[in-house]
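This report covers a protein–DNA model.

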Number of protein chains: 2
Amino acid sequence: MAVTMSPKQKVYQAVLQEIRKFIEMNDLKSGDKLPSERGLSENLKAGRSSIREALRAMELLGLIETRHGEGTFLSTYRPYQTVELLSSFILQENTTRSDLMLTKRIMEKEAAKLAFSQMNEDAVEELTSLVNDSSLNPDEMHDAFFNYLFNQCDNLLLKKVWQLMDEFSQTINKQNYNTDFYEELINLYTTRNYQSIEALF
Amino acid sequence: MAVTMSPKQKVYQAVLQEIRKFIEMNDLKSGDKLPSERGLSENLKAGRSSIREALRAMELLGLIETRHGEGTFLSTYRPYQTVELLSSFILQENTTRSDLMLTKRIMEKEAAKLAFSQMNEDAVEELTSLVNDSSLNPDEMHDAFFNYLFNQCDNLLLKKVWQLMDEFSQTINKQNYNTDFYEELINLYTTRNYQSIEALF
DNA sequence: AAACCAAGGGTGGTCTGACCACCTTGAAAG
DNA sequence: CTTTCAAGGTGGTCAGACCACCCTTGGTTT
């Protein structure tokens, strides 16, 4: 293939680099279309199978989405596959459910604390309406609730990691907080009581 | 191919499932050898290219390691590739370094707290010797220090996530804690002062 | 003119067969 | 017994061939 490569670098890895560059160059965003496999093959001077190895890997990571007959598209990072696969490999069943729940809880606690400074009246109002929204089932409410908090944190990475945890936990049983919990947290925001958040979780 | 599949499941995804089963069935561990690509192709009734798509994806995830001329081997989960790739895709440069450092710090803080109950005299002794080990540079010491703490937590997932953060942060600059910091934390363990850990970070 | 439908071209999905490069092994040569 | 090297196994890569699917297009029908 054409791409310059350090000793023994595999083609599919070089292809990954090139695709990344391409995305950067053309400033592609979620939903945008990548060149076709055949097009990439020709431009990068690599066999289509090598292109596909790279694409499949990206797909598994959740970076792209392929639609049969249409093409390959950039997607917002949603590690569906990754989560499922890794959960079956890394987290070998049992033992680790509690690990997962605990880790997720930790992230949620920290988000609750980080978001504290951003929680003005409007924000509290927003959360309250979520808690009272009867069109959401408990799981959906929980997701929406913390999604909002994580957004307030202004820390994309933290949010991503939590979302990952959340998806993991969807796979198994989902033991949520009491309904009181959310109102209690909102109350702490209202009364500007930062100190008690730690203990709430 | 032979593998039973829900509607439209791609071959390489089915292959992933089969490989996972295979590993489980034969109780393969890190370092063990997987069947050859040609062997898998024949057994699973799938084209070699499909087999390779699955294997490449697993390789990128860090689940396996391939050695040219030798074979494919199970590896301990080390998301080298993943980290690098994801970092260039998800964390688009700038903006997020601080996110990373903060998130990592949060994990370390929680580990320090979780480990508290396990920190007997021996454990404190262990940490102290790490801090005083002059053969380690600051980065190595930091890694060893928190690696020990995370092990004490007995939460594999938390540790894995942290390691991932840690690898991310190696890629960029590594701004560690003061040298005092470690001694201070050890001191809190010695004096059984749980409350102050939160404030130390 | 508007609605409908079939054909064609583009795209991903998969398989096959062919080489090449690399490693291990074991038999032959010393 | 050691050294050498040829053969076979294994991953790495490519080219080409089909298939299935989607969308557009242009002609046909209404």
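## Charges over rings

In chain A, the charged end of Arg192(A) is placed over the ring of Phe116(A), 4.1 Å from the ring centre. Arg192(B) lies over the face of Phe116(B), at 4.2 Å from the ring centre. A charge sits over a ring if NZ of Lys or CZ of Arg is within 6 Å of the ring centre and within 35 degrees of the ring normal.

## Basis of the values

This is a predicted model, in which local features need pLDDT of at least 70 and side-chain atom pairs count only at pLDDT 80 or more, while totals for chains, interfaces and linings use all residues. Residues are numbered from 1 along each chain as its sequence is written, chains are lettered from A and ligands numbered from 1 in the order in which they are written, and side-chain values use heavy atoms, with hydrogens and water left out.

## Aromatic pairs

Rings of Phe, Tyr and Trp (its six-membered ring) pair if their centres lie within 6.5 Å; planes under 30 degrees apart count as stacked, over 60 as edge-to-face and the rest as tilted. Over all chains the count is 26 aromatic pairs. Phe150(B) and Trp162(B) have ring centres 4.7 Å apart and planes at 20°, so this pair is stacked. Phe150(B) belongs to helix H7 (residues 138-153) of chain B and Trp162(B) to helix H8 (residues 156-171) of chain B, so the pair ties together parts 12 residues apart in sequence. Helices are DSSP runs (H or I, at least four residues), as are strands (E, at least two), numbered from the N terminus. Phe150(B) is buried, with a relative accessible area of 1%; buried means under 20% relative accessible area (1.4 Å probe, protein chains only).

For Tyr177(B) and Phe201(B), the ring centres are 6.2 Å apart and the planes at 80°, so the pair is edge-to-face. Both residues, Tyr177(B) and Phe201(B), are buried.

## Helix H5 of chain B

H5(B) is mostly covered, with 13 of its 18 residues buried.

## Surface around DNA strand C

Glu37(A), Arg48(A), Lys10(B), Val11(B) and Ser50(B) come nearest among the 26 residues around DNA strand C, where near means a heavy atom within 4 Å.

A polar side-chain atom of Arg38(A) is 2.9 Å from a base nitrogen of DNA strand C. For Arg48(A), a side-chain N or O atom is 2.8 Å from a base nitrogen of DNA strand C.

How values were computed. Buried < 20%, exposed > 50% of the residue type's maximum accessible area, 1.4 Å probe, protein only. Polar contact = N/O pair within 3.5 Å; in protein donor to acceptor, adjacent residues only side chain to side chain.
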